[in-house]
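Here is a short report on one structure. Look at the strands first, then at the helices and the chain contact.

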Amino acid sequence: MGLKVENLRLCYRTLRGDVVAVDDVTFGIEDGEIMGLAGESGCGKSTLGNGLVRMDIRMAQLGGRVELDGKELPISNDKAMRRFRFADVSIVPQYAMSALNPTRRVGKMVSELLKSRGFDYKKALPELERRVKLVGLDADVLHRYPIELSGGMKQRLVMVISTLLNPSLLIADEVTSALDVSTQRAVGEMLLEFRDREFVKSTMVITHDLSILAQVADTILVMYAGKLAEKASADVVINSPLHPYTQLLISSLPEVGVRHDEKTLVGIPGRPPSLLNPPPGCRFRDRCPAAFDRCVEQPPFLEVKPGHSVACWLHADAALPAGGPGTC
Amino acid sequence: MLSLENVTKVFKTGAFGGASLPAVRRASFDILPGEVTALIGESGSGKSTLGRLILRLTPVTSGKITYEGTDVSALKGKALREYYRHVQGVFQDPFSSYNPVFRADRVFATIKRSYFPEVSAADWRGRVGNSLESVGLNPVDVLDKFTHQLSGGQLQRILIARALLLDIKILVADEIISMLDASTRVDVLNLLSNLKARGLGVLFITHDLSLGNYISERTIILRRGIVVEMGATEKVFDNPQHDYTKMLLTSVPQLHKKWEPDTGVDLDETTEEDAKVLAGRYTKSELHPLARSHSRKGRRAQAAITEREAAEGLLRTDTYLRVHEEIPQLVEVEEDHLVAM
């Protein structure tokens with residue numbers, strides 16, 4: 001079961017034209033899997049995450065379908081989605097620290113939320129308190145206002161609240177970005193624990209930080225300029241990536257525990273293309289050191305090894321026949 | 001050389017400045033030319049405050065900052081302008097460092113007006129061009145553009161180019177690359193490394209240990225306004241002595257290594273003495289936020305909570321620790337490696 005996304009295209013309607021932020025994206029997340037979605041700012045990763053839960057009024061679905069546990073998610077229909085949100089698919093939004101209602105005590109806010117979904121707060125309270133304690137907070141935080149809590153505490157609370165109804169899919173958008181390293185670790189370990197305790201079936205962790213994904217994710221999906229670039233298990237993406245973009249990105253990351261005296265890291269020259277009228281062909285072409293004449297055509301996203309898909313002409317010939325074992 | 005000697009900064013907080021919050025406590029270190037000094041700390045550790053103190057954006061409460069032997073806090077007028085000729089800063093958010101109404105290259109014009117009014121326009125254009133090229137930008141790409149037409153990396157480099165037009169000796173770089181994308185980050189870092197080869201001293205303020213490890217010669221670890229460990233970067237990173245540094249290093253996510261099990265050291269363990277102090281005596285500023293309720297009933301209920309929490313030691317809030325924590329002595333464990341004991 002799990003999540004299946006097929007040929008999804010999401011765009012932003014602007015006065016200058018449609019900005020296709022998620023272009024022809026196909027992937028799946030298995031039950032019990034934590035998938036990391038990585039990419040630079042403006043690559044469409046947050047649009048994809050938000051699109052699966054709630055479409056902004058500026059956003060529109062141009063095509064494709066999303067299936068969760070065998071049922072189609074009506075992502076472009078705000079009213080029809082209401083039934084699924086929070087209960088089946090839940091999000092920890094970016095800037096979760098400001099996601100709590102500042103005028104309500106946390107407990108009151110949760111009770112209103114549960115009531116709107118037809119649940120009783122009193123009945124859910126023991127479980128809520130148990131989970132709050134599980135993430136290392138005092139049950140007393142439910143009687144506090146958000147302003148009385150620190151950023152890390154709020155982040156953890158939002159995660160507890162989002163997963164209270166045991167959703168099938170949790171979308172965690174930049175949950176670790178604004179935190180200190182010690183809190184980052186606690187939140188990262190929470191994601192693993194929530195999965196192990198089956199509070200959530202599958203998780204999608206959206207971040208620009210590959211090193212946090214190396215810690216928590218089972219598989220990593222790399223996006224570039226609205227398109228999928230590479231998907232494979234976390235080890236493979238970190239240690240033996242195939243797409244030139246992933247390779248360059250990983251080789252440009254400084255690390256603790258490595259002496260950099262001898263070798264200087266290099267960045268990737270240039271910047272991603274504008275998503276308003278993007279150039280045809282591979283979108284990484286202009287910055288890619290390995291680009292050749294075939295790159296003027298858009299490379300297909302193909303599985304080249306079991307469980308390892310990449311969109312690059314360098315590897316397209318090695319593609320496995322479609323529909324084989326382990327198709328993404 | 002810029003040196004800090006027992007620098008302390010206390011901010012007044014609360015409605016009438018009745019409460020005080022020590023942001024930096026007795027920090028002493030030097031920024032040497034030709035070196036990058038990384039100032040690493042978590043949020044609220046006072047690292048940005050230190051940068052602002054050096055740039056004189058806020059006055060020191062006590063202690064001394066000296067540049068080439070002169071006390072910085074006494075500088076005024078012309079002398080202050082001369083100080084800024086040698087000491088400049090670049091900050092985190094490139095988009096808010098510019099006025100979006102004007103073109104980005106206006107930052108050069110303001111420098112010319114204040115420092116080089118006698119230079120001819122043609123000569124100035126040449127200097128700006130050279131400076132932009134030295135930070136890896138093509139002048140044609142960036143001059144006469146508005147901020148929204150430029151990328152974050154470009155804007156950040158323009159600010160560094162602006163600082164280089166002056167005869168700078170010390171650059172305070174406060175989280176300059178945390179807003180940049182991973183693929184362009186490293187280029188700005190390498191730029192800083194090139195600058196230090198030209199004799200510039202850089203104070204690189206960051207919360208990201210991997211960046212500090214990559215770029216710096218010396219590292220200072222700051223916690224709650226106190227320097228807990230400082231020394232040569234490879235010594236601090238390879239042989240951390242303070243529990244806090246160890247905790248940071250085990251928590252930092254690494255690409256090729258999974259998190260090791262927790263060390264299990266509680267850095268803020270409540271001592272019996274703390275519990276006594278807390279139960280008996282606390283000032284308004286250290287009170288739990290809950291204890292500041294407005295209704296009498298609320299205050300009574302909360303006083304009970306506060307008492308209970310104090311007894312359990314929960315009241316060791318950040319503010320309490322900042323005010324009451326003793327400032328440890330820095331002890332030299334090996335050459336060029338000091339640790340708070």
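Strand S11(B) and strand S12 (residues 337–340) of chain B pair in the antiparallel sense, over four bridges. Two strands count as paired if DSSP finds at least two bridges between them. Strands (E, at least two residues) and helices (H or I, at least four) are DSSP runs, numbered from the N terminus. Strands of a sheet pair through backbone hydrogen bonds, either parallel or antiparallel.

This is a predicted model, where local features need pLDDT of at least 70, side-chain atom pairs count only at pLDDT 80 or more, and totals for chains, interfaces and linings use all residues. Residues are numbered from 1 along each chain as its sequence is written, while chains are lettered from A and ligands numbered from 1 in the order in which they are written.

S11(B) and S12(B) form a hairpin with two residues between them. In the turn, Asp336(B) has a positive phi of about 60 degrees. Is S11(B) buried or in the open? Of its five residues, the number buried is zero, so S11(B) lies largely in the open. A residue is buried if 20 or more other C-beta atoms lie within 10 Å of its own, exposed if 12 or fewer, and partly exposed in between, with C-beta atoms placed from the backbone.

| Pair | Sense and bridges | A bridge pair |
|---|---|---|
| S6(B) and S7(B) | parallel, four bridges | Gln88(B) and Leu171(B) |
| S11(B) and S12(B) | antiparallel, four bridges | Glu334(B) and His337(B) |

Residues of H6(B) in the contact include Gly153(B) and Ile160(B).

Finally, the two chains meet. 33 residues of chain A are in contact (C-beta atoms, placed from the backbone, within 7 Å) with 32 residues of chain B.

Technical notes
Two residues are in contact if their C-beta atoms, placed from the backbone, lie within 7 Å.
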